[in-house]
Each structure stands twice: as C-alpha cells, then as structure tokens.
Amino acid sequence: KRSVMRIGSSTHFLTQKKWHYNKISSPLLIASSLLFHQLDCVVSSFPFASHHITRPLFVRGGGDNPNDSTFKMSNQEEEFPQGLNGMDIVKDGWFHERGELWKGQAMSLEVKNILAHYRSDYQDILVFESTNHGNVLVLDGVIQVTERDEFSYQEMIAHIPLYAHPNPKKVLVIGGGDGGVLREIAKHESVEEIVICEIDKGVIDVSKKYLPTLAKGYDDPRVTVHVMDGAKFMEENQDSFDVIITDSSDPIGPASVLFETPFYNAMHASLREGGIVCTQGECLWLHVDIIRPLVNSISTKYTQVEYAYTTIPTYPSGQIGFIVASKGEREAGCKVPVRKPSKELQKTMKYYSTELHAAAFVLPAFAKRAIFGDDE
C-alpha cells in the first residue's frame, strides 16, 4: 500500500506493509522541497507499491480546485487500479507515456514547463507545455490531448454521428471534460441542446485554464454541464437524445465501465428512436481483443454497429477508433453522411470532410476480419 504526502518541511514517507516511518535527512529534504515546490507536484508513486490498491488519498483542495495549495484526506476510496503519477514519468526534461494497454512501446514529448499537477478524487491530472505540441493534458500518466493534433479526434468523434443524423437537436456528451467535443457540436445549427456529464470537475477546471481553444466549447449558451456519473444521468433521462458521444479515456480506472455492455445498454435506453451513439473505440493495432467482444455483445441491442477510425500522432500507434451504433434502421448505416458542412464551415475544419467521413469506415483487411469476422 502507499499513501500520498506532499514534499515539504516535515515530509515523511509511509511505505508498504509495515508502514515504515522514515524521516528524510535535512539536506535532501531542503533540496527536495525546493525542487518539488518549483514543479508544484505531488509524490504519489513508489516502485515497491502495489498497482492494484484500495486506500485513502490525500488530494489537493479536495480534488476540485487545481489552484488550491492545501491537501486533505479524500472521503473516497479507490476501487480501481491506480494510474501512474504523471510526474513520475517526466525525466530529464521529457514526458514518457507507457501504458498497460500498449506494453513494449512509449510516446515521448519534450517538456518546456509544468503548468499544473495534482490528484483529483478520481485520477492524477498533469498539464505541461511541450516544446512542439503546445499544452498537453495527461490523466493517470496517459496523454489525452495535445494542442497540436487534438482536432483530428475531436472533429471525427463529433461530426461522424452528427452528420450521419438527419436532424440532431439534443446531444449528450459523456466525459469530454476538456471541452473539445462541445466545441465541434456547437458548429451544428440544428442542435438546440448540448448536455455534458463529466465525473471529474478537475478536468474541466484545468482545461478552462490551460486549454482555452478546446474549453471554448463551454461558452456556447446551449451547453449544460452536469458533474456526475453519466450512467446515472442517462437512467434519469430515457428516450431523450438524438446523439450520444462518449469521449472517454482508456478502459482502466474510472473509465473502465464505459467499455462494458451495461453502459451501452444505458445509452440505448437514453437514445430516441433513430438515434446514434459514437464512443472512443481504442486502437486497431493494439486492442482488437477489446473491440471485437464489445461489438459482438452490443450488436444484439443496436440495429447497426460499425467501426471507424482516425489518425492522431500522439495516441498509441498513431490511431484511434470509434464504435458507432444506431437505434433504428438506416439504409446505409452511418458510413454515408446525410448532411454535409457548408463551404464556410468546412473551411473551419482541419480534419473532417464528407469524403473522409465515408473513408473512415474502410478498415484494413486484418482489422475488418478481427472485429467483424471472416464473413464481412
């Protein structure tokens, strides 16, 4: 087990099993205090600590305010695997992303400046300014957004379902606390109401401060924000939405339930007839063992289940996919857009186009067989 303590003038480490009480010697303490005060970080990971743990947390300001320098015990105990501490993988001026879902490979970005680092009630949150990719949001040691390439993901996960729907008026976003998906949905004039359920307010706060080009999505008057569990919200709002977009992190920790059949059943119940869901669908090169059973299990509930993908350099293997599922018959599924952006609007888009919409569903032969079987 492990506990999180801030490096400071009276720091002590509480370590595994016997909880040894080791006071740091004065010279090391002073040096550590100066260094970590400058980086404004929390030490919460030790090489001997168990990765799967249940324990209380010390969190900055209770987990909601990244500018609150106080630390206190969280009321919440984690019941999911502990993610990496982002600062533990910043070494020699470089951030190195290594994940359980892409073992044997890593993504590295050069760090110019640490902008924020703290632990919310749900996850480790790190934001840094990189030398070539702008500001970068990292959750539990995994890159979520870089300002350089975020548009390829945000545009595709939003516009594929929206342009496949003839007249979307009410849209729900699960996750997506950075605001990028909201920004893209707001480009659709037919949409009258945009609702977002983000469980971690800390993600919203740091995004508004350090990722303004994404968080501008919150400025649209049609947006309503609920800081809560998306599954509970959908349970309370049946047959309500034309499109539901789940912009989640990977299926580890708090996002793991978003990759399970019951969550897709909840989305189905919250969709109106003719509605479409589009969810983050992991990587063709790495995760067909996750994608195929999920596609198979939800195919009994949804009328059509399809898979599309986009390219994005800072995600594992430079690619990420989308599971796109429909409630009600569609002659061409979601592969062919039934609407298209105006010429003026298309000029504001950096990645999505009508042609690319259709092309995104054309899978490499190995991926098509692995996900849909040999009969496809």
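A second example is Lys 208, whose charged end sits over the ring of Tyr 218, 4.9 Å from its centre.

Before going further, please note that this is a predicted model, in which local features need pLDDT of at least 70 and side-chain atom pairs count only at pLDDT 80 or more, while totals for chains, interfaces and linings use all residues. Residues are numbered from 1 along each chain as its sequence is written, and side-chain values use heavy atoms, leaving out hydrogens and water.

Now to the sheets. Helices (H or I, at least four residues) and strands (E, at least two) are DSSP runs numbered from the N terminus, and two strands pair if DSSP finds at least two bridges between them. Strands of a sheet pair through backbone hydrogen bonds, either parallel or antiparallel.

Strand 8 (residues 124–130) and strand 9 run antiparallel and are joined by 5 bridges; in strand 9, Leu 137 is the bridge partner of Val 127. Strand 9 (residues 135–139) is joined in turn to strand 10 by 4 bridges, again antiparallel, and Val 138 has Ile 143 of strand 10 as its bridge partner. These two strands form a hairpin with 2 residues between them, and Asp 140 in the turn has a positive phi of about 50°. Is strand 10 buried or exposed? Buried means under 20% relative accessible area, exposed over 50% and partly exposed in between, with a 1.4 Å probe and protein chains only. In strand 10 (residues 142–146), 5 of the 5 residues are buried, so the strand is largely enclosed by the rest of the structure.

The other open sheet to visit has 7 strands in the order 13-12-11-14-15-17-16, and its pairing is mixed. Strand 13 (223–226) and strand 16 (304–311) are its edges, each pairing on one side only. Inside this sheet, strand 11 and strand 14 run parallel, joined by 5 bridges, with Asp 247 of strand 14 as the bridge partner of Gly 175.

Helix 7 lies across strand 11, strand 14, strand 15 and strand 17, running at about 145° to strand 15; axes are lines fitted to C-alpha atoms, for helices over the stretch in contact, and angles run from 0 to 180 degrees between N-to-C directions. The buried residues of helix 7 (residues 261–270) include Phe 263, Tyr 264 and Met 267. Among the elements that these buried residues pack against are helix 6 (230–235) and helix 8 (288–298).

What holds the interior together in terms of contacts? A nonpolar core is a set of buried Ala, Val, Leu, Ile, Met, Phe, Trp, Tyr and Cys residues joined through side-chain atoms within 4.5 Å. The largest nonpolar core has 36 residues, of which Ile 160, Ile 185, Ile 245, Phe 322 and Val 324 touch the most other members. Helix 2 gives the most to this core, with 8 residues. Leaving out residues up to four places away in sequence, Ile 185 touches Ala 158, Leu 162, Val 171, Val 173, Val 191, Ile 194 and Ile 245, where contact means heavy atoms within 4.5 Å. Apart from this lies another core, of 27 residues, among them Phe 233, Ile 244, Phe 263 and Ile 298.

Finally, the aromatic rings. Rings of Phe, Tyr and Trp (its six-membered ring) pair if their centres lie within 6.5 Å; planes under 30 degrees apart count as stacked, over 60 as edge-to-face and the rest as tilted. The count by this rule comes to 6 aromatic pairs. One of them is the tilted pair of Phe 95 and Phe 128, 5.4 Å centre to centre with 35° between the planes. Phe 95 lies in strand 6 (residues 94–97) and Phe 128 in strand 8, so the pair ties together parts 33 residues apart in sequence. Phe 95 is buried, with a relative accessible area of 0%, and Phe 128 is buried, also at 0%.

Definitions and conventions:
A charge sits over a ring if NZ of Lys or CZ of Arg is within 6 Å of the ring centre and within 35 degrees of the ring normal.
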